[in-house]
Structure formats: C-alpha cells, structure tokens
Amino acid sequence: MHLHAAFIRLIFLAVVVPVLAYTALSDETLAGLPSSNGDFNIKDGKLLAPILRTRIPGTPSIEIARHFFLDFFHKELPTWKITLENSTQQTALGKAITFVNIIATRDPPWAQNGDVGRLALVAHYDSKLTPDGFVGATDSAAPCAMLLHAARSIDQALTKKWEAMEKSGDVGLSAEKGVQLLVLDGEESFISWTDEDSLYGAR
Ligand SMILES: *[C@@H]1O[C@H](CO)[C@@H](O)[C@H](O)[C@H]1NC(C)=O
C-alpha cells in the first residue's frame, strides 16, 4: 500500500508537476508586488503617457519614443548597458528606412561576454502607419512601459544579489545570469502583413 502511494506520488511529481505552468500567488506575494504608482496612467503616467503617440519607423514620431527610452535608462538605470542595433531595409512602400532596436542589458559585474545566460524580455515600439493617428496602445506601447517598469523594479535587487554573491565567492559560470530588454523597431507591416512586409527590425 505504501509502495503504491509512493509510486503514485512519483508519477505525480514526474508527470503532473512539470505540466503545471503556474501556482496560485499568496496574498502576501501579491501585496509585495511592485506598485505601478500611476506609471501606466494613459494621461500622465510616467512610463506610458510619453510613448502613447504614433511611433512610425523612420519618422520623427518614433524618435520621440526612442529618446524617451534612452533618457529613461540614462537617468533611472545608468548601470544598464544600452546598445542600438540599426538596420536599413527597403520596405513595402518602396523606400529604405533605418530601424533602430534598443537593447538594454544588465549582467553580473564579473560576467564574461559570451558566458552569460540572460532572461530576455521583448516588445516592439513601432506603431502601424495606418489608420492615421494609430497609437498602438496595447500593440505595443503598454508592453514597452511594462518592460521599463520590470527593469526598474528588479534593478536594486540585482545589485544586492550580485554583491552578496561576490562576497561569498559564488561567482562561477553557472552564476552568470543577466537580464536583457529588447525594445524593437519595425515589427509592423506598412501595407498589409506578409513575410516580406513585416518584422523589418524585429526579426
Ligand atoms: C543608429 O541610429 C540612431 C538613431 O538614428 C543613431 O543615433 C545612432 O548613431 C545609430 N548608430 C549607428 C551605429 O549607426
């Protein structure tokens, strides 16, 4: 009987547990989640309102959003390494546009380039050309604002964790785990979505 119960438990652990993609969050966990403090307010939220506007690739409108992201990291998260990945491509409109992906990375201070495993969080920041005035609030201004919020929420915890790891000497290869945000340009199509007219910068 005991053996049977143990066997059942083994089956449960081996088969059922890995399939459960979530666990219920406790009230304590929920209460401890970082608050948005109005950052996502569509009128004056610090992280969302500035990018809730058209963001059309290759135009000044997307430069405003890009400037906002770069400014955010410069002022609020200066330890994150920012890389711009530019690519110039012919679009379905028949003209070449330079797409600018923004890559923000924070790695353990001892990490060697090439050895780091990273949790990558991705959203695109360009908005569709049509209909006129389309701001792409959920697609994808809000996800971009969430990435900034997530990065800011974990920044101090990463610093503390890595300082403690350095102190205890726990800095081996397996400890080389960083975080990367990919804020991508040129996901949308210009005319209608096809393999050729889409994913210009965001591929
Ligand atoms: C990429 O594009 C941005 C925005 O136009 C520009 O500021 C930057 O200098 C470019 N970087 C490279 C390496 O060309």
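The following exercises, with worked solutions, concern the structure shown above.

The model is predicted: local features require pLDDT of at least 70, side-chain atom pairs count only at pLDDT 80 or more, and totals for chains, interfaces and linings use all residues. Residues are numbered from 1 along each chain as its sequence is written, and side-chain values use heavy atoms, with hydrogens and water left out.

**Exercise 1. Helix H4**

Determine how the span of H4 compares with the span expected at 1.5 Å a residue, and locate the kink in H4.

*Solution.* 
1. Helices (H or I, at least four residues) and strands (E, at least two) are DSSP runs, numbered from the N terminus. H4 covers residues 137-168, which is 32 residues.
2. The expected span is 1.5 Å times one less than the number of residues. From first C-alpha to last, H4 reaches 45 Å, close to the expected 46 Å.
3. The bend at a residue is the angle between axes fitted to the seven residues ending there and the seven starting there. A kink of about 35° is centred on Asp 155.
4. After H4 comes Gly 169, with a positive phi near 75°.

**Exercise 2. The largest nonpolar core**

*Solution.* 
1. Such a core is a set of buried Ala, Val, Leu, Ile, Met, Phe, Trp, Tyr and Cys residues joined through side-chain atoms within 4.5 Å. Buried means under 20% relative accessible area, exposed over 50%, and partly exposed in between (1.4 Å probe, protein chains only).
2. The core has 31 residues, of which Ile 51, Phe 69, Phe 73, Trp 80 and Tyr 125 touch the most other members.
3. At least two residues each come from helix H3 (60-76), strand S2 (96-106), H4 and strand S4 (177-184).

**Exercise 3. A positive phi**

Describe the location and exposure of Asn 37.

*Solution.* 
1. Asn 37 is found in the loop between helix H2 (27-32) and H3.
2. Although not a glycine, Asn 37 has a positive phi of about 45°.
3. Asn 37 is exposed, because its relative accessible area is 68%.
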